[in-house]
Amino acid sequence: MNDPAAVADRAAALRARLEDANYRYHVLDDPDIADSEYDRLMRELEALEAAHPELVTPDSPTRHVGAAPSREFAPVRHPIPMLSLANAFSAAEVEDFERKVEERLGLRDPLFSVEPKFDGLAISLRYEDGHFVQGATRGDGERGEDVTANLRTIKAIPLRLRGRGWPRVLEVRGEVYMPRAGFEAWNERARASGGTLKPLANPRNGAAGSLRQLDPRVTAQRPLAFFAYALGEVAGGALPRSHSAMLRQLREWGLPVCPLVATAHGAGGCLDYYARIGAQRDGLPFDIDGVVYKVDDLAAQDRLGFVGRTPRWAIAHKFPAQEQQTRVEAIDVQIGRTGAATPTARLAPVQVGGVTVTNATLHNADQVTRLDVRVGDTVIVRRAGDVIPEVVRVVPELRPAHTHAWRMPSHCPICGSAIVREEGEAVARCSGELVCAAQRTQSVFHFATRRAMDIDGLGERYIEDLGEFGYVRAVSDLYKLSLDDLLDMKRRADARDGTTPETVKAGKVATKWAENLIEAIDRSRRTTLARFLYALGISQVGEATAKALANWFGQLALIRHLPWPLFKLVPDVGSEVARAIGAFFAQRGNQQVIDELLARGVDLGDLHAPSPKLRGGLDLPSVLACLEVPRLTAVRAQVLAAACPQLHDLLEADQHRLVAAGLPVEVADAWLAWRAEPAHRQLLRDAVAAAARLQQALPDVAAAASLPLDGRTVVLTGTLATLTRDEAKARLEALGAKVAGSVSKKTDFVVAGEAAGSKLDKARELGVAIWDEARLLAFLGADGTAPSRDHDDDQT
Ligand code: 9MJ
């Protein structure tokens, strides 16, 4: 695109599209494009702006990035002071507040705007002529600090207002907060970083700390969001006459307003709201510490006025605290189903957020060291959402004399195997794997749960017995259990427990139980890809992630061979989760268990082509960008890909060539340093190959007619040396073939591996073309030319 007018038009169109996408995502909570498409458009705009700096506008969506660091925050005087709210801790106090409002206004059951009370950092955003010009913290209410550069990195804060009709000056007040998911993901990353990143104590500290960073590039990395709930100075324009209408207006102008905001009549309505939001509190995507009631009529607010800086027209009704103080009675190690050894604090029972807490996770040995938690310490525990309670910090003043630092035990408390910690890993693991009952029992138990493979009647006790007597060492062994095995196991368990079943009736009961279980196991064979992935018990893969993987990739054969960076193509799968999935499939033992499960008849009935939405992430620049090479930003990945369009170039190009192509020297050097690692070279090869495989597997309406094996039926028989049957099937299907189970006249060709049997005979008998493995590989490698139907006569 060389025509300047066309370039400017394209930049404007991209800006409008991206602004709209931000609005739909952050304000309407109704995104209309995939993350990968958003990223692609953003990259295109970044590239356009890099090539044509004269086109950059100060409020372009690309400007939500960190500016250069500053030395300090300038003070900002708030033209209208930022208020603080009085608190109520009981229904009586809320009724008292309402009664006073009624008396002063001389009316009954006033209408209140009722809002969650967000647990973040209050800020003020100043818009002039619709442009975001300044943002400040609350400070002491009169004066705050200028954190404009940091606020500009928050995508939920519009850099310019939407629509029309805004006042010339509009100050919007609200809360910057860190969503729980972002907080959890950040801490997961920090814990895995082995000390480079510091975990955040809670989302509120996360939000406050992030905004107080002098380097906005650091803030830009933090997952922050914003809700508007009040106004400051307004000049040169009119606004609605009630608080609730004003919030609706802000929303139309592109400012996020919490969807839980509502209106209610009188103290009764307010208390109902309190109960309703309280019941939802644990499941909300952000932390709240109460609700706020505000007289809705703005004229009435004026009449009520203030006591000091606290308005008489509003009150915050607080929830029970989510942080409490208690004493550590012991520190134990729990072994999870992946062998992870998690230090756990046993606590003197304490009520946190309405629940009695007796255990809190300490996550890993580094965390215990960092917090320096010791037996006997008084600690702050926190319980938020459905997250496991955790120890936030020690209260050092209350440490008794003669305590000692905690150390990870050297041996597993369950099986006695050594606990080992791999270099660079945050997590220590029991090395017992299959001999460790904790790991085996829990992985089989998880596998059988209702939302996983749904094997009814397989309780934890039976799983332990099946393990103890050697019938089940891995989940795949469930599918080779016979009725006799189960009855045998039962007899041995009864003998062990001294409960010899003497009556015929007991025998019958046991038989019935065994028959039912065998039937349940058999029924569980027919499942779905999402359940199967969830059932495998991959660390960090819950149901939602398993479903997302299944939806986006469609096929186990693709998923089980993807290098980790490509898992990030799935929205909400970040680096840590992607690495965990990659690590699971990189384990030969896990692949073997999967092979066994498939061989023993587990049937993933719902396989389908990968989502076409993946397409945007499969081009070479995107693949390079997802490898997490230091300094290789999305824009630079484009330059690198343009300089090195082939894998060979990427692996071989020297600094001179990269710099000549426009890559800054330090970026070129960073690439060369990364590439020098053999493991990275392999990752690059794998990622490029996998992206190509995915690309081929995508359903492509236009290209479908021209797939090389379109309309061809292929049968696989015997064992191939280099491909599993699933892989061969997926790759043939990706080229358009239908892979059938039996040979007929309609079969176009048979691929025969080692020890091929009756299907090969049948093919010979019918005169169907036969390929050996070498021919298949040559074809898959070239994958361009379809075999001609007529000249397939080179039989083995
Ligand atoms: C919080 N923190 O969620 C106010 N707040 O309004 C809500 N704070 C507020 N409103 C006026 N929802 C002053 C403070």
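Reader: Hi! Which residue in strand 8 stands opposite Gly 174?

Author: Ala 228 is the residue opposite Gly 174. A quick note first: this is a predicted model, where local features need pLDDT of at least 70, side-chain atom pairs count only at pLDDT 80 or more, and totals for chains, interfaces and linings use all residues. Residues are numbered from 1 along each chain as its sequence is written, and side-chain values use heavy atoms, with hydrogens and water left out.

Reader: Thanks! How do strand 7 and strand 8 pair, and over how many bridges?

Author: Strand 7 (residues 169–177) pairs with strand 8 in the antiparallel sense over 8 bridges. Two strands pair if DSSP finds at least two bridges between them. Strands here are DSSP runs of E with at least two residues, helices are runs of H or I with at least four, and both are numbered from the N terminus.

Reader: And what is the strand order in that sheet?

Author: The order is 5-4-7-8, an open sheet of 4 strands with antiparallel pairing. Strand 5 (131–137) and strand 8 (225–235) are at the edges with a single partner strand each, so one side of each has no neighbour in the sheet. From one strand to the next, the twist averages 25 degrees.

Reader: Which helix lies across strand 7 and strand 8?

Author: That would be helix 8 (residues 243–252), which runs at about 110 degrees to strand 8. Axes are lines fitted to C-alpha atoms, for helices over the stretch in contact (heavy atoms within 4.5 Å). Angles run from 0 to 180 degrees between N-to-C directions.

Reader: Switching to the ligand: which residues surround it?

Author: Leu 85, Glu 115, Pro 116, Lys 117, Phe 118, Glu 175, Tyr 229, Val 292 and Lys 294 do.

Reader: Where do Glu 115, Phe 118 and Lys 294 come in?

Author: Glu 115 has a polar side-chain atom 2.9 Å from a ligand nitrogen. A polar backbone atom of Phe 118 is 2.8 Å from an oxygen atom of the ligand. Lys 294 places a polar side-chain atom 2.8 Å from a nitrogen atom of the ligand. On its own the ligand has 340 Å² of accessible area, and the protein covers 92% of that. Those areas come from the Shrake-Rupley method with a 1.4 Å probe, and for residues only the protein chains shown count as cover.

Reader: New topic: is Gln 591 buried or exposed?

Author: Gln 591 is buried, at 13% relative accessible area. Buried means under 20%, exposed means over 50%, and partly exposed is in between (1.4 Å probe, protein chains only).

Reader: Which side chain does the side chain of Gln 591 make a polar contact with?

Author: Its partner is the side chain of Arg 560, at 2.8 Å. A polar contact is a pair of N or O atoms within 3.5 Å; within protein, one must be able to donate a hydrogen and the other to accept it, and residues adjacent in sequence count only if both atoms are side-chain atoms. A polar atom of the Gln 591 side chain also lies 2.9 Å from the backbone oxygen of Phe 585. Gln 591 itself is in helix 20 (residues 588–599).

Reader: Last one: how many helices and strands are there overall?

Author: The protein has 30 helices and 26 strands, and 47% of its 796 residues count as buried.

Methods: Near = heavy atom within 4 Å.
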